[in-house]
Amino acid sequence: MTMSLPLDVPGDPGAGYRITRIGPASIGDFLAVWNECATWLTARGIAQWAPVDPTPERVAALAAKTSSQEWYLIHCGNELAGAFTLRWDDPKAWGEQPPDAGYVHSLCVRRQFAGRALGHAMLDWAARRVAAQGRPWLRLDCRTSSSVLRAYYAAAGFFEVPPAPVTWAGSTLFQRSTTSESTDDDEERDRGE
């Protein structure tokens with residue numbers, strides 16, 4: 001299923017952002033955005049992800065997961081600007097939960113699009129997608145050691161919740177209502193994205 005919709009980015013109005021749900025054929029593009037973000041985070045001492053070698057085997061393994069989660073790419077004109085995935089459960093991080101949430105993973109913003117609130121616009125879009133499924137919560141997790149990412153998600157309207165029994169050591173769980181929008185300012189955007 002291919003779906004492409006306009007994405008309103010408050011920090012870059014009229015730029016023509018589009019969000020597209022992708023399938024297995026576009027996983028290589030997703031991984032390229034993810035790797036760029038992982039490299040940038042690692043270079044700044046933010047231990048969220050490590051860059052990976054985008055071998056055909058790695059791409060194939062990720063493509064096999066397209067049935068268990070939704071994969072999204074964000075374009076600005078013809079340029080890739082960001083990416084994220086959305087899952088409808090996350091037992092590895094959150095344990096067994098009622099069907100009351102959507103779970104964002106791999107939220108990535110390419111550096112040339114940083115500081116425009118693109119990441120927060122992606123989270124707001126995901127919240128609306130989850131709300132349309134009748135679920136009141138948008139959830140995610142990040143490394144507890146990353147004060148930068150924790151502050152970024154707090155600025156996006158998320159609050160920390162107690163860890164589930166299965167939560168990975170060193171991870172912090174966050175959630176926000178699917179009816180709230182990000183409330184960041186320019187300084188928060190520039191630090192976090």
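The model is predicted, so local features need pLDDT of at least 70 and side-chain atom pairs count only at pLDDT 80 or more, while totals for chains, interfaces and linings use all residues. Residues are numbered from 1 along each chain as its sequence is written, and side-chain values use heavy atoms, with hydrogens and water left out.

The structure holds 10 aromatic pairs, where rings of Phe, Tyr and Trp (its six-membered ring) pair if their centres lie within 6.5 Å, with planes under 30 degrees apart counting as stacked, over 60 as edge-to-face and the rest as tilted. One of them joins Tyr 72 and Phe 84 in a stacked arrangement, 5.0 Å centre to centre and with 20 degrees between the planes. This pair links distant parts of the chain, since Tyr 72 belongs to strand S3 (residues 70–76) and Phe 84 to strand S4 (residues 79–87), 12 residues apart. Helices (H or I, at least four residues) and strands (E, at least two) are DSSP runs, numbered from the N terminus. Tyr 72 is buried, with a relative accessible area of 0%, and Phe 84 is buried at 1%; buried means under 20% relative accessible area, exposed over 50% and partly exposed in between (1.4 Å probe, protein chains only).

Another pair, Tyr 153 and Phe 158, is edge-to-face, at 6.0 Å centre to centre and 75 degrees between the planes. Tyr 153 is buried at 9% relative accessibility, as is Phe 158 at 5%. Ring pairs also bring these two residues into a cluster with Tyr 152 and Phe 174.

Nine salt bridges are counted, each a side-chain nitrogen of Lys or Arg within 4 Å of a carboxyl oxygen of Asp or Glu. Among them, Asp 12 and Arg 116 meet at 2.9 Å, N to O. Asp 12 lies in the loop between strand S1 (3–6) and strand S2 (17–22) and Arg 116 in the loop between strand S5 (101–109) and helix H4 (118–132), so this bridge ties together parts that are 104 residues apart in sequence. Asp 12 is buried at 19% relative accessibility, whereas Arg 116 is partly exposed at 24%.

A salt bridge also connects Glu 160 and Arg 150, whose closest N and O atoms are 2.7 Å apart. Here Glu 160 sits in strand S7 (residues 159–161) and Arg 150 in helix H5 (residues 147–155), 10 residues apart. Finally, salt bridges with shared partners join Arg 21, Glu 70 and Arg 129 into one network.
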